[in-house]
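I opened this model to look at its packing. My notes follow in the order I looked things up.

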Amino acid sequence: VERTLTKGWKRGGLPRVRVEPPVPWDELCASNRSWHFHLQAWEPMSLVLSAHQHLGEQRYIDYCLGLALDWIEQYPSPDVDGAFAWYDMAIGLRAYRLGYLLDVVSRDASVDDESIAALAKAAVVHSEALRPDEGFRAHSHHGLYQAAGQVALARRFPELRTMAKALEQGR
């Protein structure tokens, strides 16, 4: 986690890259499809969010919030083109990370209302992006990640308008 924050994110044998806003999401890691997909799925946040859950350090949430808000600004909806930004499995993986982040920051008085509103809107957008049956990949592990992300997000925020249907569908 410390290396991710200070030196950048590393995946497998690929080079370490700095992931700090403003992130060139469409360019960073674009030399490798898998690497780019994992970036768009918010994998650089994965260990940092886990560290926050276990250690509770604010700087971990601050880092992830900055990345999330940067991503949301660049990709406010699936109508915005971006390689892997709205890819089926990336949405599912990002959904549960988004859910955790929104849950934490919505309880944090130091986080401004605009940031929380942006995350909540993104949660609804992700829920809607996972809804169409024709986009569900039941034949592969992609569908598992789509459904798991859908359920994880919907269980955290049942009060958001799309979540009851999302939870039912994901289950």
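**Core and helices**

I am working from a predicted model. I began with the largest nonpolar core, which has 51 residues. Val-19, Trp-71, Leu-101, Val-105 and Leu-119 have the most contacts inside it. Next I looked up which elements give two or more residues to this core: they are H2, H3, H4, H5, H6, helix H7 (141-156) and helix H8 (163-170). H4 supplies the largest share, 9 residues. Another core lies apart from this one and has 6 residues, among them Phe-37, Ala-41, Phe-84 and Met-89.

I then checked Val-19. Leaving aside neighbours within four places in sequence, Val-19 is in contact with Trp-9, Leu-28, Leu-39, Pro-44, Tyr-63 and Leu-67.

H4 came next. Helix H4 covers residues 58-74, 17 residues in total. From first C-alpha to last it reaches 25 Å, close to the 24 Å expected. I listed its buried residues, including Tyr-63, Leu-67, Asp-70 and Trp-71. What do the buried residues of H4 pack against? I found helix H1 (2-6), helix H2 (33-40), helix H3 (43-55), helix H5 (88-105) and helix H6 (113-130).

I finished with H6. Its 18 residues should span 26 Å at 1.5 Å a residue, and its end C-alpha atoms are 26 Å apart, so the two agree. The buried residues of H6 include Leu-119, Val-124, His-126 and Leu-130. At the start of H6, I noted a side-chain oxygen of Asp-112 within 3.2 Å of the backbone nitrogen of Glu-114.

Notes
Residues numbered from 1 in each chain as written. Predicted model: local features only at pLDDT ≥ 70, side-chain atom pairs only at ≥ 80, totals over all residues. Heavy atoms only, no water. Helix = DSSP H or I, 4+ residues; strand = E, 2+ residues; numbered from the N terminus. Expected span 1.5 Å × (residues − 1). Buried < 20%, exposed > 50% of the residue type's maximum accessible area, 1.4 Å probe, protein only. Contact = heavy atoms within 4.5 Å. Polar contact = N/O pair within 3.5 Å; in protein donor to acceptor, adjacent residues only side chain to side chain. Core = buried A, V, L, I, M, F, W, Y, C linked by side-chain atoms within 4.5 Å.
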